Amino acid sequence: MTGERVFIFDTTLRDGEQAAGTSLNVQEKLEIARQLEALGVDIIEAGFPITSQGDFEAVRLIARELHNATVCALSHANEEAIDRAWEAIKSARQGRIHIFLSTSSLHLAYQLKKSQEDVLKLAAAMVARAKKHLDDVEFTPMDSTRTDTKFLYQVLETVIEAGATTVNIADTVGYALPDEFGKLIEGVFKNVPNIAKAVVSVHCHNDLGLGVANSLEAIRKGARQVECTVNGIGECAGNAALEEVVMAIKTRSDLFHITTKIDTTQIYRTSRLVSELTGFIVPQNKAIVGKNAFRHQSGIHQDGIIKKANTYEIMDPRAVGVPASALVLGKLSGRHAFKERLLELGFSLDETALNHAFKAFKELADKKKDVTDRDIQSLIGEELRTATETYHLDHVGVSCGNHSMPTATVRLIGPNKEILADAALGTGPVDAVYKAINRIVRVPNVLTEFSVSSITEGIDALGEVLIRIESDGATYTGRGSDTDIIVSSAKAYMNALNRLLVTGKDRKEQEIDEP
Ligand code: MN
């Protein structure tokens, strides 16, 4: 088995994005896709084109821009969705259509209202439809782990017969236990006569915290594609975390005898970028990429590490790209050094965006002595957020204190470049700012989450505000960073409102499209 490779299929931009509150814009999705390519993932599931015009555009752009990775589009098992997926990926150097269809009797009875016979026919017909467009077709029997195994084998045989080149065993609801899941994979190899014609993939969710464990067990039983997401984000409790799967295979190569194409030194950077753009903060104790993952507190540990690192360290932090020193740039750094650093951090901005970002960097360096990688990531996050906004925050001012009424004035630039100004009183400065913005951008919403954190240590640090708002049953995330936390708060609110405005519009278009 030595020398064999397992394909890493990243679904951060699809399953991850679908997690409540993330609605990345096209530019942000492209940045993540580029970094995933630098990380070396084999397949990038870029989105679900039929669901919205925005998702379609993002998949199409990513398909055009990437050079190495296969770009995959998800599709329902219907012709219109498959054709739309093809439209989105047809200019990819290497494209894939991924069709899913529920197969568990539970889903059949309550969701699809179809018989097993109907499902077999439909699955075969839809794979055949996708094959008209391209060769690389993946099929997922959704809720595989709660599907009657005999029927699952039948479905797999049927879709492989119809031309599916990858079959994906999905633990959609995170129900399976490792031993049981391993046996299911063994069963698939034993009982599906044409299984050698397809790659066996797994897609494991984390509802019981077993997404990674189940994926690893499946690899041991012969699965050769793992579907995962950066930082483990995704529907409900999330998906198997890419960084954990990859580092487990690498660290325990004595057991796996298998490799991935991942450049592990890009892991930390990718994790930061995804966290920055999605607003999903990485817990401090998260394996591989958490702040404390390589931090030893106990005296016995520290003593051991100093004498010999591997006494208590099973991985070298440098292997996952944790930066050795945080210090990088300052006031005197030039445009060239800045651009180089951006490239190292995985950002490839065009000339206009670069000029804009450099100006913001200079302004930050004036206020803050040392500008670290984290500061730069936050700053670029800010640039990407404002690139596609409907309303732009031009000015914000507050007056507050223990004997005064918190008052805010704001000036926004509207969709037609018009200047819009207003003022409001509030219970505190942030409340006053949000009320003043609401007087201009009149979209009903409820603030459900508000948190402030500092990006680096020190009193001059950038303060980052993360908020979530709800409108019409949907959640929108907003982030903003500045050395002034009132300004960060205003930026975060504008960011969430802009996402709401774009996605809200998208949804209405979709409603008109659907029969
Ligand atoms: Mn999923």
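**Talking through the fold**

Author: Let me begin with helix α16 (residues 373-387), which lies across β17 and β18 and runs at about 125° to β18. Please keep in mind throughout that this is a predicted model.

Reader: What sheet do β17 and β18 sit in, and how is the pairing arranged?

Author: They belong to an open sheet of three strands, ordered β16-β17-β18, in which the pairing is antiparallel. The edge strands are β16 (446-454) and β18 (474-482), each of which pairs on one side only, and the twist from one strand to the next averages 15°.

Reader: And how many bridges join β17 to β18?

Author: Nine bridges join strand β17 (residues 463-471) to β18, and these two strands run antiparallel. To find your place on the screen, you could look for Ile 467, whose bridge partner in β18 is Gly 478.

Reader: What is going on with the backbone at Asp 472?

Author: Asp 472 lies in the loop between β17 and β18, and it has a positive phi of about 55° although it is not a glycine. Most residues other than glycine have a negative phi.

Reader: Is that Asp 472 side buried or exposed?

Author: Asp 472 counts as exposed, at 74% relative accessibility.

Reader: Changing topic, which strands make up the barrel?

Author: Eight strands close into a barrel in the order β2-β3-β4-β5-β6-β7-β8-β9, with parallel pairing, and there the twist averages 25° from one strand to the next.

Reader: Where does β2 pair, and with what?

Author: Strand β2 (residues 7-10) pairs with β9 in the parallel sense over four bridges, and Ile 8 stands opposite Val 226 in β9. With strand β3 (residues 43-47), β2 pairs in the parallel sense over two bridges, and here Phe 9 stands opposite Ile 43 in β3.

Reader: How about β7 and β8, how many bridges there?

Author: Six bridges join strand β7 (residues 166-171) to β8, running parallel, with Thr 166 standing opposite Val 199 in β8. On this part of the sheet packs α9, which touches β7, β8 and β9 and whose direction makes about 165° with that of β8. Another helix, α5 (residues 105-112), lies across β5 (95-102) and β6 (137-142), running at about 85° to β5.

Reader: I also see a metal; what coordinates the manganese ion?

Author: The manganese ion is coordinated by Asp 15 through OD and by His 203 and His 205 through NE2, at 2.0 to 2.3 Å. Along the chain, the donors follow the spacing D-x187-H-x1-H.

Reader: Why do you say that the Asp 15 and His 205 pair ties parts together?

Author: Asp 15 lies in helix α1 (residues 12-18), whereas His 205 is in the loop between β8 (199-204) and α9 (211-220), so the pair ties together parts that are 190 residues apart in sequence.

Reader: Are those two, Asp 15 and His 205, buried or exposed?

Author: Asp 15 counts as buried at 2% relative accessibility, and His 205 is buried too, with a relative accessible area of 4%.

Reader: Now the hydrophobic side of things: which residues touch the most other members of the largest nonpolar core?

Author: That core has 108 residues, and Ile 99, Phe 338 and Ile 380 touch the most other members. Helix α7 (residues 149-162) gives the most to this core, with seven residues.

Reader: What is Phe 338 in contact with?

Author: Leaving aside its neighbours within four places in sequence, Phe 338 is in contact with several residues, among them Leu 329, Leu 354, Phe 358, Phe 361 and Ile 380. There is also a second, separate core of 29 residues, which includes Ala 432, Ala 490, Met 494 and Ala 496.

Reader: Last topic, cysteines: how many disulfides does a search of the whole structure find?

Author: A search of the whole structure finds zero disulfides. Cys 236, for instance, is in none, and the nearest cysteine sulfur, that of Cys 204, is 15 Å away. A disulfide would require the two sulfur atoms to lie within 2.5 Å.

Reader: Where is Cys 236 found, and is it buried or exposed?

Author: Cys 236 is found in the loop between β9 (225-228) and α10 (242-251), and it is exposed, with a relative accessible area of 65%. Its phi is near 55°, a positive value in a residue other than glycine. As for Cys 400, that residue is partly exposed, with a relative accessible area of 45%.

How values were computed:
Residues are numbered from 1 along each chain as its sequence is written. This is a predicted model: local features need pLDDT of at least 70, side-chain atom pairs count only at pLDDT 80 or more; totals for chains, interfaces and linings use all residues. Side-chain values use heavy atoms; hydrogens and water are left out. Buried means under 20% relative accessible area, exposed over 50%, partly exposed in between (1.4 Å probe, protein chains only). Donors are N, O and S atoms within 2.8 Å of the metal (3.2 Å for Na, K and Ca); water is not among the atoms, so sites may look incomplete. A nonpolar core is a set of buried Ala, Val, Leu, Ile, Met, Phe, Trp, Tyr and Cys residues joined through side-chain atoms within 4.5 Å. Contact means heavy atoms within 4.5 Å. Two strands pair if DSSP finds at least two bridges between them. Axes are lines fitted to C-alpha atoms, for helices over the stretch in contact, and angles run from 0 to 180 degrees between N-to-C directions.
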